[in-house]
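Q: I would like to go through this model step by step. Could we begin once it is on the screen?

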Amino acid sequence: MPHPYSEGNARAMINESHRYGRTGSAYTFCIVENSNSDLMGCVGLRNVNSNDRNAEMWYWLGRKYWHKGYASDAVRLTLQFAFESLHLMKVYAVVQESNVASVNLLERHGFTREAHWRKGSFMNGRWYDVYGYGILRNEF
Ligand SMILES: CC(C)(COP(=O)(O)OP(=O)(O)OC[C@H]1O[C@@H](n2cnc3c(N)ncnc32)[C@H](O)[C@@H]1OP(=O)(O)O)[C@@H](O)C(=O)NCCC(=O)NCCS
């Protein structure tokens with residue numbers, strides 16, 4: 001995700017979500033507060049591969065919504081959508097090793113660490129190792 005995140009970045013992301021959504025290659029879900037419909041974050045599936053029946057999951061929450069279990073709920077519902085509505089065989093996720101919250105989130109939901117890419121990501125002038133996580137439909 002670009003940092004700093006400009007309004008132009010947000011508009012491009014929304015347009016892209018619409019475009020991919022129309023073709024079924026990606027799904028973007030907004031996480032909103034029930035009381036006032038404020039946007040708390042997003043969760044989605046991208047690279048939906050109907051031949052191999054897999055997709056990549058991604059997510060983010062605004063900082064003030066961290067540590068309350070909202071991402072957990074969003075991940076559970078997205079996995080349910082992936083396995084029960086899209087009939088996928090596998091959902092995977094890619095995460096920087098230093099992203100402890102995201103690693104915990106995936107492992108809490110039964111994802112298995114399947115890969116460790118050394119220096120798999122370059123961000124803000126630094127290299128990071130990257131983990132690949134996956135969950136199969138019978139593990140959900
Ligand atoms: C990754 C990210 C979504 C995780 O958010 P999160 O709020 O930590 O995740 P969860 O919803 O699973 O919440 C778990 C925490 O809430 C606590 N919690 C409180 N009430 C809870 C409830 N009812 N249910 C579950 N957990 C609850 C848990 O104890 C846990 O706390 P801890 O982190 O101190 O152990 C968030 O850190 C984020 O948006 N980061 C920036 C974007 C990003 O990194 N995206 C992923 C790229 S791979």
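Q: What covers the buried residues of α2?
A: The cover includes β1 (27-32), β2 (39-49), β3, β4 (90-96), α3 and β6 (126-136). Contact here requires the C-beta atoms of two residues, placed from the backbone, to lie within 7 Å. Helices (H or I, at least four residues) and strands (E, at least two) are DSSP runs numbered from the N terminus. Please note that this is a predicted model: local features need pLDDT of at least 70, side-chain atom pairs count only at pLDDT 80 or more, and totals for chains, interfaces and linings use all residues. Residues are numbered from 1 along each chain as its sequence is written.

Q: Which residues of α2 are buried?
A: They are Ala-71, Ala-74, Val-75, Thr-78, Leu-79, Ala-82 and Phe-83. These residues lie on the same side of α2, because they cover an arc of only 150° around the axis; the arc is that of the directions from the helix axis to the C-beta atoms. A residue is buried if 20 or more other C-beta atoms, placed from the backbone, lie within 10 Å of its own, exposed if 12 or fewer, and partly exposed in between.

Q: And which exposed residues sit on the face turned away from the buried side of α2?
A: That face carries Asp-73, Gln-80, Glu-84 and Ser-85.

Q: How many residues does α2 have, and what length does it reach?
A: α2 has 16 residues and reaches 22 Å from its first C-alpha to its last, close to the expected 22 Å. The expected span is 1.5 Å times one less than the number of residues. Just after α2, His-87 takes a positive phi of about 55°.

Q: Changing topic: which residues are closest to the ligand?
A: Trp-60, Gly-69, Ala-71, Ser-72 and Ala-101 are the closest of the 15 residues that surround the ligand. A residue counts as near if its C-beta atom, placed from the backbone, lies within 6 Å of the molecule. Ala-71 is also among the buried residues of α2.

Q: Which elements each supply at least two residues of that shell?
A: They are β3 (54-61), α2 (70-85) and α3 (100-108).

Q: How many residues of the shell are nonpolar, polar and charged?
A: Nine are nonpolar, five polar and one charged. Ala, Val, Leu, Ile, Met, Phe, Trp, Tyr, Cys and Pro count as nonpolar, Asp, Glu, Lys and Arg as charged, and the others, Gly among them, as polar.

Q: Now the strands. Do β1 and β2 run parallel or antiparallel?
A: β1 and β2 run antiparallel, joined by six bridges; two strands pair if DSSP finds at least two bridges between them. Val-32 stands opposite Leu-39 in β2. Their hairpin has six residues between the strands, and Ser-37 there takes a positive phi near 65°.

Q: How many bridges pair β2 and β3?
A: Seven bridges pair them, in the antiparallel sense. Asn-49 has Asn-54 in β3 as its bridge partner. Four residues separate the strands in this hairpin, and Arg-53 in the turn has a positive phi of about 55°.

Q: Is Arg-53 buried, exposed or partly exposed?
A: Arg-53 counts as partly exposed, because it has 16 C-beta neighbours inside 10 Å. Ser-50 lies in the loop between β2 and β3 and is exposed, with 12 other C-beta atoms within 10 Å.

Q: Which sense does the pairing of β3 and β4 take, parallel or antiparallel?
A: β3 and β4 run parallel, with three bridges joining them. The bridge partner of Asn-54 in β4 is Lys-90.

Q: Which residues of β4 form its covered face?
A: Val-91, Ala-93 and Val-95 form the covered face, whereas Lys-90, Tyr-92, Val-94 and Gln-96 form the uncovered one. Tyr-92 stands opposite Gly-134 in β6, and β4 and β6 pair in the antiparallel sense over seven bridges.

Q: Finally, how many bridges pair β5 with β6?
A: Eight bridges pair β5 (residues 112-123) with β6 in the antiparallel sense. Ala-115 has Gly-132 in β6 as its bridge partner. The hairpin of β5 and β6 has two residues between the strands, and Asn-124 in the turn has a positive phi of about 50°. Asn-124 counts as exposed, because it has 6 C-beta neighbours inside 10 Å.
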